[in-house]
Amino acid sequence: MRVLGTSLHELAQKSRPAGLNPSLWGAEDATVTQSNDHIRVVKQAIVDGDSESASLCTEAAIAAGLDPQVILDQALMAGTTIVGEQFEKGVFFLPELMLTGKALKAAMTVLAPALKAKVAHNQPGATVGGTIVIATVQTDIHDIGKNIVAAMLAATGFQVHDMGVDVPTKAIVARAQEVNADIIACSALLTTSMPVMRDLIGILNDNGLRERFKVMIGGAPITEDFVKEIGADGTARNAIAAARLATHLVTAHRNARAMG
Amino acid sequence: MPMDYCEILDRAYQGRTISEPDWDLEHVAMATARLVRKYRLAWNPQEIVTDDPALADAVFEAGFELARQIGCYFRSTERVVMFDERELLQGLARMPQTLVLGEGTDARTLYARRIMDDRPPLVWAGNPGAPHPEALFQASVISWAKEPIVDLITCGSLSHVDGREIRTGGPLEILATRRELTYLRDALNQVGRPGMGMLAAQSSVSELGDLAVANPDYLRRCDAHLVPMSNELKMDHRNVARAVNSIDYGMRNAALVCVIVGGLGGDAPGSAVVNVASHVLAPLVTLAHYQLLHPIHIKHVATTTRSTMWVESIVQQAFSRNAPAIFVTDIYPKSGALTRELLYETAANAIAITVTGGHLEGCGSADGLLHNATGLEARFMGEVGHATVRAGVDLKDANAIILDLLGKYEHVFDLPDGNPGVHFDEAYDMATIEPVPEWQAMYEEVKRELSTKWLGSL
């Protein structure tokens, strides 16, 4: 894709801080195998936020016969971990997160059929991240916090359906049902938009859907007390904590589903 | 002739369509990254206040180029509003160089400050947007308004009225905003400064409350209200409606720009470029009378981090040198009332703003999320600003003082729960609306320290 005369890839490469090299993720063995090469280049594409390379290199890794679960864990997820750590350290910023989210999506488009095939052949351990519907609630048009969290979730391996801002509560619930989401994540910056989050929980309860979705809420004025008051499942102070919370909630949710 | 809002709206209805995610990443983020490289913009965390006119000029040029190149996104129609260079320059040229706020003997004249201006900054007290319990609202305002050094007043917001929850855009938003103005006007009368200029309607998070108080009984023509731009470089019907109404009414528009430092612009230099672009567009899309600068740190929120203070200082220098306008700049410390760190944060931020050409607004203590702000730190903010001018602090000296002060408060950014301090009614005696002895003593100690070490007669 070319934007304003420059490709995303070129910009991603040029905008990376100097010093981001393979040493970030450890020294390589003296004898570098072909498999390791494939893993390394896919991981590099994720760290670089290079969608085109991420897609092509993932395709090449599959064609070379690498286990799709290994590609997912050791290349895609390992790459996102590096990006998350760099964001937390203040080395990477929102654009890098967004580019990595796009690259991950491109790679997953290629990898998902191979993962599904593995599941179909009853091979244990094939997993993909959970599905999250995220929105800034109706009456609130602030999106930057929601965008940062969405980018971090996407860069952490979740399938993220971002509905934007000022989204009607019923539309959020409908989309969550449509995509069979694990989590509904709602954002509000305005104190006076927080009541809409209570409405959402009410709609889930009224329609017998509360057990079907975990509900994360976030935004500057949201407190743990408010989470408890409205019966949501959790909140997080920043995007990194939100990704951790989402991972925890998805795991718990899937375990509960498996048990039930 | 300045461009009128009908022309802006025509462009918002006819401009090129684009999705919002594309705007964010492929226009704002990509164009900014390219301009940062083109102009070789960089910052040094040891130089919060830079003495580098070439850098300030480059930041201005890059920001102007960004505004010209990508324009502004109109969310209501998902279209791009473009302006040519001549229009942007005309917009900047029409920004007032002086602006009277308030009336009678309480009126004050804001002016476009210069770098190291020998005139003191005006002191605008309050914690705009911070939610307040109704029972404490008026007392908070009194705590600010009674301070002699305070020139202008603003306030927090009401999220409940008579125990009822306010919903954005709901009918009670009108009640909340009118109640806010009633409390403000009563407070100003109580302290004997009825004509003091206000920035208010903070309880109006949609346009509804804002429109409902454009009335001489509430917000007068000599007062101001917010016309925000959304992150980044975005406008919509609701915010233009605020501007349209106040222009016809005759009130002052404050162009509120809250660029996220570490957001779509990337690190501090890119964030400064986005900030400049926003303020270049603001005269046209917000019909601004003055600029309200409030960068937000992506992780720490506060304006008192190194990168946010760098953005404030370089953006003010950029405009002071290239397109002078009135800049009122927010101080939102991480720490809250009854903490020493709040005073150190306030001092560092006030010095950075004062020497680089801004007026002072604050303090939005405890990130402006709680009612943990008091009149005492607003007094201190003003005293530090005035002392900085009196002592003739230059850019290099200012940077040295700020680095020392950072050493006294920077640890608060690593605290898991911040450093919120206490609520207003725990830091102030509610009968006298004066600081409790412990808070007063803390203030005097820190003031003495600053006076002895850096600022002389504080």
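How many of the five residues of strand β17 (residues 327-331) of chain B are buried? In this predicted model, five of the five are buried, so β17(B) is largely enclosed by the rest of the structure. The cover lies on both faces: F327(B), T329(B) and I331(B) are buried on one side, and V328(B) and D330(B) on the other.

The strand also has partners. Strand β15 (residues 290-293) of chain B runs parallel to β17(B) and is joined to it by three bridges, with Q291(B) opposite F327(B). Strand β18 (residues 359-362) of chain B pairs with β17(B) over four bridges, again in the parallel sense, and here V328(B) stands opposite H359(B). Together with helix α11 (residues 340-356) of chain B, β17(B) and β18(B) make a right-handed β-α-β unit.

Helix α4 (residues 85-93) of chain B has L88(B), G91(B) and L92(B) as buried residues. They lie on the same side of α4(B) because they cover an arc of only 95° around the axis. An α-helix has 3.6 residues a turn, so residues three or four places apart point the same way. The buried residues of α4(B) pack against α3 (53-70) and α9 (268-285) of chain B, whereas the exposed residues R86(B) and A93(B) are on the face turned away from the buried side.

Key:
Residues are numbered from 1 along each chain as its sequence is written. Chains are lettered from A and ligands numbered from 1 in the order in which they are written. This is a predicted model: local features need pLDDT of at least 70, side-chain atom pairs count only at pLDDT 80 or more; totals for chains, interfaces and linings use all residues. A residue is buried if 20 or more other C-beta atoms lie within 10 Å of its own, exposed if 12 or fewer, and partly exposed in between; C-beta atoms are placed from the backbone. Helices (H or I, at least four residues) and strands (E, at least two) are DSSP runs, numbered from the N terminus. The arc is that of the directions from the helix axis to the C-beta atoms. Two residues are in contact if their C-beta atoms, placed from the backbone, lie within 7 Å. Two strands pair if DSSP finds at least two bridges between them. A crossover is right-handed if, with the strands pointing away from the viewer, the path from the first strand over the helix to the second runs clockwise.
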